[in-house]
Amino acid sequence: MKQLDFLAIQIADTAADSIINRSAENASLESHLLTLQEQLKNLIHAHAPAYAVADARLQVARTLVGLGRGAEAWPIGRAAFDHFIEHDLFELAADACDVLFQANQPKSICALGQGIWIAVTCPIDPELTIELLSHVIEETPDNADGAAVAATTALFIADVRARDRQREDLMFFTTQILGTVARRHSGIDTPEQLELWMERLELKEPEKFLIRLRNVVDVLVQDDWWFDRHALQERLPFA
C-alpha cells in the first residue's frame with residue numbers, strides 16, 4: 001500500500017453527522033412547537049375547558065425544554081402545574097414538575113422537590129415517580145446519602161405500586177439503580193455487603209427511609225411550597 005493511500009478511504013464524519021441529526025431533530029421540534037402553540041391559542045380563543053388549556057400548556061412547555069428554551073418554558077409549565085394541583089390532577093402536576101425541573105431554571109430544584117412529594121404521596125404512575133427520584137440520584141454527589149434514600153424509595157414504589165410485567169421491569173430497573181448507587185457510595189460489590197450497607201443506612205424499613213426522603217425533599221424545596229400539603233393529603237381517597 002502506498003504511503004497516504006489511506007487518505008483515499010472515506011471516513012465517517014461522526015461529528016458532522018451528529019450536528020446534522022441534531023439540526024433535523026430541532027427543526028422537527030420547532031415545527032411541532034408551532035403546531036402546539038397554534039392549538040393552545042385556539043383553545044384559549046374558543047374558551048375551551050381549563051384542563052384542556054392546561055394540558056396544552058404542558059405540552060408546549062415540554063417542547064420548549066426539548067429545544068433548550070427553559071426560560072420560556074417555565075411560566076407556561078408553572079401555569080399548567082397550578083391548574084393541575086388545584087383540581088387534584090396529581091399525576092399531571094407531578095409531570096409538570098418534571099418538565100419544570102428539566103427547564104434548568106433557578107427554581108427547578110424546588111420544582112423537583114414538589115414533584116417528588118406529590119409522586120410519593122399520591123397514587124400515580126410508578127414510572128413517573130421513579131423518573132423524578134432518578135433526578136435526585138443523578139444530581140447527588142457519590143458519597144451523599146440522598147441518592148441511597150431516593151434509590152431505595154424507587155425500589156419500594158416499584159414493589160408496592162406496579163403490577164404484572166410493569167412490576168417485573170421496574171423491580172429489575174430499580175434494583176440495578178440501587179446497586180449502582182451502593183457501589184459509588186461505598187464500593188459495595190456483593191449481596192452480603194449490600195444487606196449490611198442498607199442496614200447501616202437504615203434503608204430496610206419504609207417508616208425510616210421515607211422520613212429521610214422527606215428531609216431530602218425539604219432541602220430541595222427550602223420552604224417554598226406551591227400548595228398546601230396538609231389540605232392535599234386530606235383530599236386523597238385514602239385520607
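**Overall picture**

The model is predicted. Its chain has 11 helices and zero strands. Read from the N terminus, the elements run α-α-α-α-α-α-α-α-α-α-α. The chain holds 239 residues, and 40% of them count as buried.

**Helix α2 and its two partners**

Helix α2 covers residues 50-66. It packs against α3 and also comes within 9 Å of α4, axis to axis. The table sets out the two pairings.

| Helix pair | Axis distance | Angle | Handedness |
|---|---|---|---|
| α2 and α3 | 8 Å | about 150° | left-handed |
| α2 and α4 | within 9 Å | roughly 25° | left-handed |

Take α3 first. It spans residues 70-86. The angle between α2 and α3 is about 150°. Angles over 145 degrees count as roughly antiparallel. That makes α2 roughly antiparallel to α3. The crossing of α2 and α3 is left-handed. On the α2 side, the contact is made by A50, Y51, A54, D55, R57, L58, V60, A61, L64 and V65. On the α3 side, the residues are G70, E72, A73, I76, G77, A79, A80, H83 and F84. By class, this contact of α2 with α3 has 13 nonpolar, three polar and three charged residues.

Now α4, which covers residues 90-102. Its axis crosses that of α2 at roughly 25°. The cut-off for roughly parallel is under 35 degrees. α2 and α4 are therefore roughly parallel to each other. Their crossing is left-handed. From α2, the contact draws on D55, L58, A61, R62 and V65. From α4, it draws on L92, D95, A96, V99 and Q102. These residues divide into six nonpolar, one polar and three charged.

**A61 up close**

Where does A61 sit? A61 is found in helix α2. A61 is listed in the contact with α3 and in the contact with α4. Is A61 buried or exposed? A61 has a relative accessible area of 0%, so it is buried. Leaving aside residues up to four places away in sequence, A61 touches A73, I76, G77 and V99. The C-alpha atoms of A61 and W74 are separated by 7.0 Å. Those two residues are 13 apart along the chain.

**Aromatic residues**

The count of aromatic pairs comes to seven. One of them is F81 with W226, an edge-to-face pair. The ring centres of F81 and W226 are 5.4 Å apart, with 75° between the planes. This pair links distant parts of the chain, 145 residues apart. F81 lies in helix α3, while W226 lies in the loop between α10 (206-221) and α11 (229-235). F81 is buried, with a relative accessible area of 0%. W226 is buried too, at 13%.

W225 and F227 also form a pair. Their ring centres are 5.7 Å apart and their planes meet at 80°, so the pair is edge-to-face. Both W225 and F227 are buried.

Which residues form one aromatic cluster? They are W74, F81, W117, W225, W226 and F227.

Technical notes
Residues numbered from 1 in each chain as written. Predicted model: local features only at pLDDT ≥ 70, side-chain atom pairs only at ≥ 80, totals over all residues. Heavy atoms only, no water. Axes fitted to C-alpha atoms, helices over the stretch in contact; angles between N-to-C directions. Helix = DSSP H or I, 4+ residues; strand = E, 2+ residues; numbered from the N terminus. Parallel < 35°, antiparallel > 145°, perpendicular 65-115°, else oblique. Left-handed = near helix turned anticlockwise from the far one by under 90°. Contact = heavy atoms within 4.5 Å. Nonpolar A, V, L, I, M, F, W, Y, C, P; charged D, E, K, R; others polar. Phe/Tyr/Trp six-rings, centres within 6.5 Å; stacked < 30°, edge-to-face > 60°. Buried < 20%, exposed > 50% of the residue type's maximum accessible area, 1.4 Å probe, protein only.
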